[in-house]
Amino acid sequence: GAGVSQSPSNKVTEKGKDVELRCDPISGHTALYWYRQSLGQGLEFLIYFQGNSAPDKSGLPSDRFSAERTGGSVSTLTIQRTQQEDSAVYLCASSFRWNEAFFGQGTRLTVV
Amino acid sequence: AQSVTQLDSQVPVFEEAPVELRCNYSSSVSVYLFWYVQYPNQGLQLLLKYLSGSTLVESINGFEAEFNKSQTSFHLRKPSVHISDTAEYFCAVSDGNAGNMLTFGGGTRLMVKP
């Protein structure tokens, strides 16, 4: 596809379960970002991948959160032992070098 | 590390009035600047960008922003707003000295009233 694709679009999970969120960036984009956005709030940076460099994980809120990017393309954000405060929209974006980032439509995660 | 400050969390304004949404970033030699817009219940989309050249950049829907290096600012302006401009606006900076990582401000909610 032409844009950033995220799946699933919606995810409802029980507290304590693990979830995996997937992001397919635009082909050729070297940078990939994960953010989360709580209702009515701004963007909270989670993690940044740039090419083959070590990712910037400084935004991950706890060790329950992890992300990987395989082959410089698809990325998976994993949240272990989900908590209710993890409920948010998780946004993925990709860019080429310093150019603008293109965002996916997000995954709305609800922890019940 | 780069930081981006949007001084106003909310800006209420009447339709057809002018508006300015402020954005300041921490100093850096090499920056690229962006404004994103998020309409209600929609995703983020690019509004305009400054990469190089003229410091005044414009969008297709009448917004403009000016890169001011001495004041490390990239304020967004529109001379006459419409109801349809009601949205959340995010300023972002790509720092060439930080691997071109994109840093976002906290956002400004523009509320246009009839």
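The structure is a predicted model in which local features need pLDDT of at least 70 and side-chain atom pairs count only at pLDDT 80 or more, whereas totals for chains, interfaces and linings use all residues. Residues are numbered from 1 along each chain as its sequence is written, chains are lettered from A and ligands numbered from 1 in the order in which they are written, and side-chain values use heavy atoms, with hydrogens and water left out.

A search of the whole structure identified two disulfides over all chains, a disulfide being a pair of cysteine sulfur atoms within 2.5 Å. In chain A, the bond connects A:Cys23 with A:Cys92, with an S to S distance of 1.9 Å. This pair links distant parts of the chain, with A:Cys23 in strand β3 (residues 19-24) and A:Cys92 in strand β8 (residues 88-95), 69 residues apart. Strands (E, at least two residues) and helices (H or I, at least four) are DSSP runs, numbered from the N terminus. The S-S torsion of A:Cys23 and A:Cys92 is about -65°, so this disulfide is left-handed. Both A:Cys23 and A:Cys92 are buried; buried denotes under 20% relative accessible area, exposed over 50%, and partly exposed in between, computed with a 1.4 Å probe on protein chains only.

In chain B, the sulfur atoms of B:Cys23 and B:Cys91 lie 1.9 Å apart in a disulfide. Here, B:Cys23 is in the loop between β3 (19-21) and β4 (24-25) of chain B, and B:Cys91 is in strand β10 (residues 87-95) of chain B; the pair links distant parts of the chain, 68 residues apart. The torsion about the S-S bond of B:Cys23 and B:Cys91 is about -65°, so the disulfide is left-handed. Both B:Cys23 and B:Cys91 are buried.

A pair of aromatic rings is described by the distance of the centres and the angle of the planes. Rings of Phe, Tyr and Trp (its six-membered ring) are paired if their centres lie within 6.5 Å, with planes under 30 degrees apart counted as stacked, over 60 as edge-to-face and the rest as tilted. The structure holds 11 aromatic pairs over all chains. One of these pairs comprises A:Tyr35 and B:Phe104, whose ring centres are 5.3 Å apart and whose planes are at 85°, so the arrangement is edge-to-face. The contact crosses between chains, from A:Tyr35 in strand β4 (residues 31-37) of chain A to B:Phe104 in strand β11 (residues 101-104) of chain B. Both A:Tyr35 and B:Phe104 are buried.

The rings of B:Phe63 and B:Tyr89 form a tilted pair, because their planes are at 45°, with centres 5.4 Å apart. B:Phe63 lies in the loop between β7 (56-58) and β8 (64-68) of chain B and B:Tyr89 in strand β10 of chain B, so the contact ties together parts that are 26 residues apart in sequence. B:Phe63 counts as buried at 1% relative accessibility, and B:Tyr89 counts as buried at 0%. One aromatic cluster is formed by A:Tyr33, A:Tyr35, A:Phe45, A:Tyr48, A:Phe103, B:Phe34, B:Tyr36 and B:Phe104.

Side chains of opposite charge can pair when their charged atoms come close. A salt bridge is taken as a side-chain nitrogen of Lys or Arg within 4 Å of a carboxyl oxygen of Asp or Glu, and the structure holds 10 salt bridges over all chains. A:Glu100 and B:Lys49 meet in a salt bridge with an N to O distance of 2.9 Å. A:Glu100 counts as buried at 11% relative accessibility, whereas B:Lys49 is partly exposed, with a relative accessible area of 32%.

Within chain B, the side chains of B:Arg77 and B:Glu66 form a salt bridge (3.4 Å, N to O). This pair links distant parts of the chain, with B:Arg77 in strand β9 (residues 73-78) and B:Glu66 in strand β8, 11 residues apart. B:Arg77 is partly exposed at a relative accessible area of 26%, and B:Glu66 is partly exposed at 34%. B:Glu20, B:Glu64, B:Glu66 and B:Arg77 are linked in a network of salt bridges.
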